[in-house]
Structures are given as C-alpha cells and as structure tokens.
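Please look through the structure shown here with the sequence at hand, taking the chains one at a time. The paragraphs after it are meant to be read alongside the model.

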Amino acid sequence: MEKMLMKGNEAVGAAAIKAGCKYFFGYPITPQNELPEYMSRELPKNGGTYLQAESEIGAINMVFGAAGAGARVMTSSSSPGIALKQEGISYLCGAELPCVIVNMSRSGPGLGGIQPAQGDYFQATRGGGNGDYYTPVYAPASIQETVDLVQEAFDVADTYRTPVIILGDGMIGQMMESVEFKDIQKRRLPQKDWALKEHVEKGSKKLINSLYIKPEEMEPHLQKIFGKYDVIKKEEVRYEKFNCEGADVVAVAYGTVSRIVRNAIKKLEEDGIKLGLIRPITLWPFPFEAFDEISPETKAFLSVEMSMGQMIDDVKIANAGRLPVEFYGRPGGIVPKPIEVVDKVKEILGGAK
Amino acid sequence: MSIVFERTRGMVDMPLHYCPGCTHGIIHRLVAESLVELGLMDDAVCVSSVGCSVFTYNYFDCDAYQASHGRAAAVATGSKRVLKDRTVFTYQGDGDLAAIGTAETVHAAARGENVTIIYVNNAIYGMTGGQMAPTTLVGQKATTSPNGRSAELQGYPIRVCEMLSTLDGTAFAERVSVHNPANVRKAKKAIKKAFEVQTAKQGFSIVEILSTCSTNWGLNPTDSLKWLEDNMIPYYPLGNFKTPEEN
Amino acid sequence: MAFTEEVIFAGFGGQGVLSMGRMVAYAGMLKGMNVSWLPSYGPEMRGGTANCNVIVSDGLIGSPVVADADTLIVMNRPSLDKFESWVRPGGKILVNSSLIDIKVTRDDVEAFYYPVNEVAAECGNLKAANMVMLGAYIKHRSFLEENDLLGAFLKVFGEAKKNLLPLNEKAVAAGATLV
C-alpha cells in the first residue's frame with residue numbers, strides 16, 4: 001500500500017478500522033477531535049457504527065455494552081475525559097472485557113491546558129479507577145508506530161480479555177507523518193465464547209459482570225485476572241534501547257519526549273558525550289528488563305518527561321539503587337527543547353566529576 | 001388435576017433477596033411473564049443496575065449485564081447497537097435512573113434508542129438504607145431527610161415519565177402501579193406494550209412502576225400499599241404519557 | 001552529510017499557512033524522504049495566528065518541533081515578531097512584504113522580501129499568495145521542484161480542487177521568478 005501523510009488522530013481511526021473495529025463511542029475534547037470525526041465519517045462506510053455519547057462516562061459504558069456483545073470497540077478522549085472514563089475502565093477490567101481506549105493527553109490537573117503533556121502516566125499505569133487491576137499501555141512515538149500499535153492493541157485486548165490503552169499526547173494526535181498500513185503479524189485469538197451473541201445458544205446463559213459479592217469468590221476472580229497479568233508481563237513487554245553501550249548517561253523517555261532525546265543524543269555526540277536512550281513502548285508492563293545490563297561507563301539514568309516526574313518512579317524501581325536517577329521535566333504543555341536535555345546531561349556529568 | 005398457577009419459565013428457580021412485602025417480586029414476575037408470552041424471553045438481554053435490583057441478572061432466565069450505578073441505559077445502548085435483533089431492557093430503581101443516571105437515561109431517550117427501561121420508583125434508596133431519593137416526596141422522611149424532605153432545602157421530586165415524554169425519541173412512556181390486582185394487570189399490559197414497541201423498532205420505551213419499600217418506609221406491607229396509593233399516586237399520576245400512533 | 005530541512009510557516013488563519021506546510025511535507029514524502037508536519041493548535045478556531053513546523057529529511061526525524069529553523073516563512077507581521085529568533089544562524093527568512101512593512105533585525109540570517117499578495121493578485125487570485133511564496137521557497141531550497149509541489153497539490157486538496165490547479169501552477173511559477 002502507498003505511503004500516506006496522515007494526522008495522528010486520523011491514523012488511529014484508520015488503523016482501528018483496518019483492525020476490524022466496528023464500533024466507536026466518542027465525545028468531543030481537544031486535542032483528539034479528529035479521531036471521532038474520522039470515525040463518524042469512515043466507520044459507516046466500513047459496516048460499523050459511530051455514536052456520539054452524552055459524556056465520556058456514557059461513551060465508556062456504551063463500550064462496556066458493545067464489548068460484552070463481542071464487538072471490536074474503541075473510544076477516545078484526552079486527559080480530563082479519560083479521568084471521567086475511569087469508573088467504566090475499572091468495570092471493564094472487572095468484567096474482563098476487551099476494548100481499546102485512546103488518550104491523546106494534555107496537561108492537568110483539572111481542566112489544565114490543551115497542549116501536549118505526560119501527566120497521565122500514573123493514571124494509565126496504576127489502574128486509574130477503583131480496585132486491583134492494570135491495563136496494558138502502549139506509548140507510540142511516531143504516527144507509523146501509532147498505526148502499528150493500534151492494530152496490535154486490539155489483538156492484545158482480545159487475547160487477554162482486557163482494555164488496552166494507547167497513550168499519545170496532543171503532539172502525536174495533531175502531527176502528520178507518512179504512514180504505511182502494513183499487514184501486522186496476526187495472532188491466534190481465542191473464541192469469544194463468553195460474549196453475548198446475536199443468536200442465542202440454548203442453555204448457555206451469558207453474564208457480563210464485575211460483581212462478586214462473596215469475598216471467597218472475589219479473591220479467586222482477582223487471582224485469575226492477575227494470573228493473566230503475569231503472562232502479559234512475560235509476553236508483551238516492548239521497548240527500544242538505543243546508544244546505551246558505553247553511554248555516559250542513559251535517558252529514559254517515552255512517546256514524543258523520546259524524539260527530543262534523540263536530537264539531544266546527536267548534539268551531545270558533537271561534544272564527545274554519549275547519551276543512551278531506553279524508550280519504553282509498553283508503559284505497563286514497564287520494561288524493567290531493559291535496565292538489567294548497565295555499561296560500567298554509565299554514571300546515571302535520566303528520566304525525561306513532560307510532567308513533574310511520574311515515570312521516574314518506575315525508573316527508580318528498575319534501577320534498584322545502582323545509579324543516581326536524575327530527572328528533567330517540562331510540565332503544563334511545554335515541550336522541552338533538545339538543548340535543555342543537553343544542558344541537563346552536561347550538568348549531571350559535571351556534577352559527577 | 002389442571003395447573004392454575006405456576007412459576008414463570010422466564011425466571012430462574014431461586015429465592016429472591018428482596019425484603020418481605022416488597023413489590024419488586026411482582027414486577028420481576030410481570031416482566032418475565034410478558035417476555036415469555038411475547039416469545040421474547042430467550043432473546044432478551046437484561047441490564048441490571050445498582051441498588052436493590054443489583055441481582056436481577058440472577059433472576060431473569062436470559063443473558064445479562066451488570067452495569068455500574070446509573071449507566072444501565074448507556075450499557076443497553078452499546079449492547080443493542082451490536083445485538084440489533086435482541087430485546088434489550090434495563091431494570092433500574094429511582095436512585096439509579098433519576099439521580100446518578102439522569103444523563104444516560106435522558107440521552108438514550110433523546111436518541112430514540114430502541115431499548116426498554118423498566119423503572120421501579122419507590123421514592124427511596126432501599127439497598128443503602130432508606131436515604132432520600134430524587135423521587136422522595138416533599139415531607140417524606142428518609143435517613144438523609146430526617147425531618148421530611150424540605151422543598152426549600154432539597155427541592156422537588158422528579159416526574160420521569162412526564163419529563164421523558166417531551167422528547168421526540170421517546171416512543172412509549174407509561175406510569176403504572178402494583179398496589180392492587182387491578183393495577184398489577186394494567187402494569188403487565190404496559191410492560192408488554194413497551195416490549196412490543198421495541199420489537200417494532202419504534203424507539204425508546206419506558207414503564208415507570210410505583211413500588212413499595214416497607215422496610216425503609218417503616219410500614220407493614222399492607223400499610224405500604226395504602227401509603228403508595230394515598231401519597232405517591234397523587235404526585236405521580238398513573239397513565240400513559242406517550243404511545244406510538246397506530247398505522 | 002544527511003539532508004535535513006526544518007521550516008516554520010507562520011501567518012494568520014486563512015492565509016493557507018498550514019496548507020503550505022502540508023504541501024512541502026507531502027512533496028517531500030512523495031520524493032521518498034521522511035517528513036513531519038506539526039501544527040500549532042489552540043482555542044481560537046478562525047482568524048487567529050497559525051503556524052506549523054515541517055521537517056524533511058533523508059534520515060530519521062527526531063523531535064518534530066522545530067527549535068532552530070533552517071527557513072522561516074512569515075506571512076504577516078506578528079509572525080515575524082514571534083519567530084525571528086527561532087532561525088538558526090545562517091538560516092533564511094522569507095518575508096511577505098505585501099503585509100510586513102518592517103525589516104528583519106538580525107544580521108546573522110539572510111532575509112528576502114517578496115510582495116506575494118500583489119503577485120498572486122496579478123495571477124488572478126489573492127488567495128494564491130501562499131503558493132507564490134512556495135514558488136519562491138523551492139528556489140531557495142532546491143530539494144523540491146515545481147512539479148513536486150503540483151503533485152502534492154491534489155494529495156493535499158483532493159481531486160475536487162483540480163480546477164484550481166492551473167491557477168496554482170501559475171502562482172508557483174510566478175513565485176519562482178521572484179528569486
């Protein structure tokens with residue numbers, strides 16, 4: 001297929017349709033509006049249904065209904081709207097329903113701003129709603145990767161019967177890059193024998209439920225779900241490691257910020273400083289294994305984020321006390337410049353000498 | 001010997017958890033009988049809510065969802081949009097539908113979602129212990145309106161059928177009661193009609209059923225029926241508010 | 001040395017500033033290069049300021065945010081005020097002198113002044129001012145030719161705007177003669 005120049009938000013929609021998504025329940029919020037707009041235009045042409053809900057809460061509960069009926073279904077929003085969806089995400093996890101949720105995040109707390117930010121890391125990787133659960137979280141760094149991961153996300157959702165989050169930001173949503181819709185490796189997906197069907201099978205009452213009123217039933221339910229999480233942690237971790245061999249400092253950055261770090265790597269090369277990059281592609285499960293091997297030359301890890309520092313907690317866990325863990329962040333919708341990262345790295349090395 | 005009365009096949013053979021004297025049981029039976037008589041029971045999808053009706057998914061002998069508090073109409077929307085030929089209904093109380101779930105309910109009606117809402121109004125939060133509901137009458141005592149609901153402080157109860165019948169998407173809206181046999185028969189007729197409206201793909205249908213809560217009203221079952229008749233019906237008049245025109 | 005061109009296009013809403021960027025990005029992509037196009041987005045829907053960052057490279061594109069532009073194209077005065085300092089030393093600034101009556105103040109960049117509104121009007125439509133500027137731009141940065149831009153035109157604007165192709169062809173050619 002020929003390459004196309006596509007906006008991130010629209011590319012998500014195109015990838016979802018290619019992955020067989022038939023239902024999309026949306027609600028407007030900047031900076032993700034091109035996605036529901038695209039779906040309202042394109043889904044009906046592909047035998048699907050787009051419906052604008054009365055709220056993000058309404059939308060996520062429509063997802064609950066459609067996912068329970070076995071459909072491939074998606075919803076999207078941006079930070080404050082994703083906060084509203086948390087109740088529904090918790091129920092989806094409790095009822096083990098597959099779906100894909102897109103967050104083109106902006107700054108917060110509260111109404112915050114509409115420029116790109118990464119302050120939803122905790123919300124995405126720590127459950128976000130009530131109770132014991134996690135959701136797989138993919139953080140693409142380019143439009144091509146967004147397209148590939150959206151298709152993958154639907155398969156992962158169906159494989160493990162879990163909601164999957166695509167965590168972009170305003171920049172991923174708004175920018176255009178060239179994309180190619182490649183046929184991704186198809187997984188062997190389990191039958192959805194738990195779902196409600198268009199035609200009822202006699203004597204097999206289906207129930208979509210997160211209520212286990214007896215503790216002695218709720219505990220094994222949670223143990224079963226966490227058994228799946230163990231498999232996800234083993235099978236689905238994704239990351240990219242770049243320039244780490246012999247690096248003076250290893251930066252850890254995801255999504256948009258990882259690209260800024262790449263520019264900083266080039267600039268630092270001119271000064272004879274080697275900056276490495278660990279780029280988590282799955283934020284949950286976090287790629288702890290990427291931190292196993294550290295070059296003896298490496299003096300510190302540097303977590304670079306568009307937040308006040310959230311992923312740094314996972315970097316510290318991964319580092320396990322071996323090296324200093326530094327932080328550079330620009331929150332509130334400010335995108336850091338490569339030179340700022342360069343200066344921070346030099347500061348770290350200066351301090352170490 | 002001929003059978004004159006038997007368990008409806010639309011309900012699972014198990015004890016209900018409702019308090020003695022509660023009219024939820026009657027309403028369950030009416031819904032199940034209606035679906036069975038219309039030949040819709042096997043195809044039905046029940047969306048349970050949160051409140052006393054939280055376990056309805058156990059009682060109706062059909063596929064079911066358990067929705068979060070207030071969101072039954074949204075879950076029903078998602079389900080019905082996929083399962084277009086199945087009979088999707090929610091079973092919700094007044095707190096679930098008329099307080100926390102107002103937005104979902106109003107917009108499902110406005111969209112003309114082809115689902116049926118069974119709305120049980122007993123003017124109180126039952127499951128949580130008798131707190132004031134959006135339908136608690138002015139002057140009625142509740143654990144969060146210990147001196148009786150004050151219009152000045154807590155405003156006025158919501159008449160859901162009247163409100164929803166103003167929306168173009170609402171095809172059928174009727175308020176019934178189950179406080180005596182004649183009204184039980186009328187209630188069943190309305191419930192059947194609502195399901196027929198859905199089968200005919202005519203749009204959103206709701207049946208509001210006035211119901212008792214002996215436990216939280218602090219009355220015995222017969223006094224509860226009398227209280228319903230004397231206090232609720234004057235504020236919540238029975239009758240049909242909207243029905244599709246016959247072709 | 002790998003080729004990379006980083007451009008900022010800026011003006012007010014309605015001048016076709018975002019479209020200019022998309023044309024360059026699309027044309028670059030059709031020539032087999034990596035491209036990114038990043039718009040500013042804000043609460044104002046109409047008539048506000050508009051700008052976009054475009055990067056064209058034969059290598060991997062890192063940050064899509066242009067911090068040190070090779071070229072700045074400004075279509076109105078507030079854009080020059082705002083972005084003059086965003087150009088790398090030795091970079092170029094192309095100024096729409098029809099609407100901007102001041103000069104670039106920096107002396108470590110090259111500045112060029114083109115009355116693109118008047119030229120577009122002579123071509124038959126004032127709205128083609130952005131295409132005139134693009135015609136001038138590709139003469140300064142020789143990685144694109146006139147045909148590449150016209151090839152991108154239909155991709156960006158769709159077949160429905162095919163009737164506007166002759167006008168735009170004329171505008172691009174007129175822009176090229178300004179350099």
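What follows is a walk through some local features of this predicted model, taken chain by chain.

We can begin with chain A and its peptide bonds. The bond that leads from A:Thr30 to A:Pro31 is cis, with omega near 5 degrees, and A:Pro31 itself is placed in the loop between strand 2 (23-26) and helix 2 (34-42) of chain A.

A:Arg161, although it is a residue other than glycine, has a positive phi, near 50 degrees, and is found in the loop between helix 6 (143-160) and strand 7 (163-169) of chain A. Its relative accessibility is 22%, so A:Arg161 counts as partly exposed, given that the partly exposed class lies between the limits of under 20% for buried and over 50% for exposed. A:Ala320, which is not a glycine, has a positive phi of about 50 degrees, and its place is in the loop between helix 10 (312-319) and strand 15 (325-329) of chain A. With a relative accessible area of 57%, A:Ala320 is exposed.

For chain B, we can turn to a record. At residues 51-209 of chain B, an unreviewed UniProt entry places the feature "domain: Thiamine pyrophosphate enzyme TPP-binding". In the model, the C-alpha atoms at the ends of this span lie 16 Å apart, and the span is 37% helix and 19% strand.

Chain C provides a pair of helices. Helix 5 (residues 146-157) of chain C packs against helix 6 (residues 165-178) of chain C at an angle of about 150 degrees, with their axes 10 Å apart. Because angles over 145 degrees count as roughly antiparallel, helix 5 of chain C and helix 6 of chain C are described as roughly antiparallel to each other. The crossing in which helix 5 of chain C passes helix 6 of chain C is right-handed. On the side of helix 5 of chain C, the residues in contact are C:Glu146, C:Leu149, C:Leu150 and C:Phe153, and they meet C:Leu165, C:Asn168, C:Glu169, C:Val172, C:Ala173 and C:Ala176 in helix 6 of chain C. Sorted by class, this contact between helix 5 and helix 6 of chain C has 7 nonpolar, 1 polar and 2 charged residues.

How values were computed
Residues are numbered from 1 along each chain as its sequence is written. Chains are lettered from A and ligands numbered from 1 in the order in which they are written. This is a predicted model: local features need pLDDT of at least 70, side-chain atom pairs count only at pLDDT 80 or more; totals for chains, interfaces and linings use all residues. Side-chain values use heavy atoms; hydrogens and water are left out. UniProt positions are given in the numbering used here, feature names are shortened, and annotations may be inferred rather than shown by experiment. Helices (H or I, at least four residues) and strands (E, at least two) are DSSP runs, numbered from the N terminus. Axes are lines fitted to C-alpha atoms, for helices over the stretch in contact, and angles run from 0 to 180 degrees between N-to-C directions. Angles under 35 degrees count as roughly parallel, over 145 as roughly antiparallel, 65 to 115 as roughly perpendicular and the rest as oblique. A crossing is left-handed if the near helix is turned anticlockwise from the far one by less than a right angle, and right-handed if clockwise. Contact means heavy atoms within 4.5 Å. Ala, Val, Leu, Ile, Met, Phe, Trp, Tyr, Cys and Pro count as nonpolar, Asp, Glu, Lys and Arg as charged, and the others, Gly among them, as polar. Buried means under 20% relative accessible area, exposed over 50%, partly exposed in between (1.4 Å probe, protein chains only).
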